[in-house]
Amino acid sequence: MNKKSVRDIDLRGKRVFCRVDFNVPMQEGQITDDTRIKAAVPTIQYIIDQGGKAILASHLGRPKGKVVEEMRLTPVAKRLSELLGKEVKKLDEAIGENVKAAIAAMNDGDVILLENVRFYAGEEKNDPELAKAFAELADVYVNDAFGAAHRAHASTEGIAHYLPAVAGFLMLKEIEILGKALSNPERPFTAIIGGAKVKDKIGVIENLLEKVDNLIIGGGLAYTFVKAQGHEIGKSLLEEDKIELAKSFMEKAKENGVRFLMPIDAVVADEFSENANTKVVDITEIPADWEALDIGPKTVELYQQVIMDSKLVIWNGPMGVFEMDAFAKGTNAIAEAMAKTNATTIIGGGDSAAAVEKAGYADQMTHISTGGGASLEFMEGKELPGVVALNDKE
Ligand SMILES: Nc1ncnc2c1ncn2[C@@H]1O[C@H](COP(=O)(O)OP(=O)(O)OP(=O)(O)O)[C@@H](O)[C@H]1O
Ligand SMILES: O=C(O)[C@H](O)COP(=O)(O)O
């Protein structure tokens with residue numbers, strides 16, 4: 001990457017405003033997955049070791065510019081403090097006189113966590129006044145929030161215009177791994193795209209059709225493609241207005257010499273429920289009153305073979321309704337093949353990352369992105385505003 005990183009600047013004695021993505025899942029005030037906190041530790045530890053004053057900022061959830069008690073970052077500060085083995089002072093605001101006073105009292109190597117930046121309406125509007133207020137708190141800006149890099153917000157983009165601005169280690173790692181995969185892929189290169197809707201994956205399918213050798217389609221979005229091939233899909237997910245687009249993707253694949261793989265069988269259910277009656281049917285024989293909620297065993301075998309024969313596999317989006325055990329087999333089987341193959345394996349965050357974690361294969365993947373939307377936009381070939389705003393290497 002041609003952007004400066006924490007390694008390129010002097011941090012000793014400096015106040016370092018470090019944007020991280022601590023948007024972690026919580027249930028009743030408890031953090032249920034601390035992956036994103038752990039992923040930011042190397043950069044935070046580096047700031048401490050270099051004798052900087054770490055002023056951390058993050059969003060949590062979507063409080064829409066207001067204080068929402070359940071979205072305070074207090075539990076995150078506690079967990080981070082355990083991980084770092086040192087005190088993390090949590091403030092109840094992110095700007096203002098109290099914050100300035102707390103920062104003025106910091107010693108080199110101290111860590112402060114500001115309050116949820118989305119409690120301020122200016123954050124998501126990328127208000128220059130808020131960006132300036134953040135910038136006033138520090139001497140240097142470090143962006144390590146890859147998961148939020150697709151948002152042009154005051155703490156991810158705006159602030160970078162008012163301070164020396166560099167990338168953290170997590171940001172570097174994500175961009176390097178995803179960037180290399182897309183610009184200089186090992187081949188055969190396979191992409192697996194699942195999830196609920198074609199609508200959400202148009203950009204990524206378009207971009208990948210120019211790059212991959214194999215494009216595997218699964219999940220709810222597959223059935224619009226099945227319909228586009230002229231088959232009946234019963235009550236399976238359908239986006240009527242995307243049928244023509246699905247056809248054009250299949251044609252494009254042919255033109256580009258991309259092998260386009262779609263389900264050949266499916267697990268169908270008579271209702272959308274864990275306790276539904278289910279059966280496996282050929283993809284051309286989905287009954288009128290049933291809906292396809294997972295890929296079938298023949299499809300699993302086909303997809304697994306392609307994964308085993310690949311040198312690079314990128315995966316985004318589950319193959320079925322993996323939240324219900326009855327329809328999680330396809331997703332788990334893909335995770336298993338990803339764990340077994342000798343290929344470089346990259347998980348594009350979000351639901352696929354959760355599925356891999358749940359199946360116990362996380363440590364067997366080459367890289368699991370901490371970004372959901374961010375990794376998807378990166379795979380669409382879009383520039384991420386949080387990265388663009390950082391200083392270029394001279
Ligand atoms: N056949 C299906 N029918 C209905 N819903 C499905 C089907 N297959 C998958 N889903 C649902 O799709 C949802 C995930 O899709 P979504 O597009 O939200 O995730 P994603 O964003 O693709 O995944 P990621 O978070 O990895 O990027 C899951 O909740 C899953 O239950
Ligand atoms: O969880 C994410 O994908 C990031 O933290 C961004 O969150 P957002 O979609 O609420 O902007």
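Which residues are the closest to ligand 1? In this predicted model, where local features need pLDDT of at least 70, side-chain atom pairs count only at pLDDT 80 or more, and totals for chains, interfaces and linings use all residues, side-chain values use heavy atoms, with hydrogens and water left out. Residues are numbered from 1 along each chain as its sequence is written, while chains are lettered from A and ligands numbered from 1 in the order in which they are written.

Ligand 1 is surrounded by 20 residues, and the closest are Lys201, Glu323, Gly349, Asp351 and Ser352; a residue is near a molecule if one of its heavy atoms lies within 4 Å of it. This shell comprises seven nonpolar, ten polar and three charged residues, with Gly counted as polar. Strand E14 (291–295) and helix H12 (350–359) each contribute at least two of its residues, and H12 gives the largest share, three residues. Helices (H or I, at least four residues) and strands (E, at least two) are DSSP runs, numbered from the N terminus.

A backbone N or O atom of Asp351 is found 2.6 Å from an oxygen atom of ligand 1. From Asn316, a side-chain N or O atom lies 3.1 Å from an oxygen atom of the ligand. The protein buries 81% of the 640 Å² that ligand 1 exposes when taken alone (Shrake-Rupley method, 1.4 Å probe).

Methods
A polar contact is a pair of N or O atoms within 3.5 Å; within protein, one must be able to donate a hydrogen and the other to accept it, and residues adjacent in sequence count only if both atoms are side-chain atoms.
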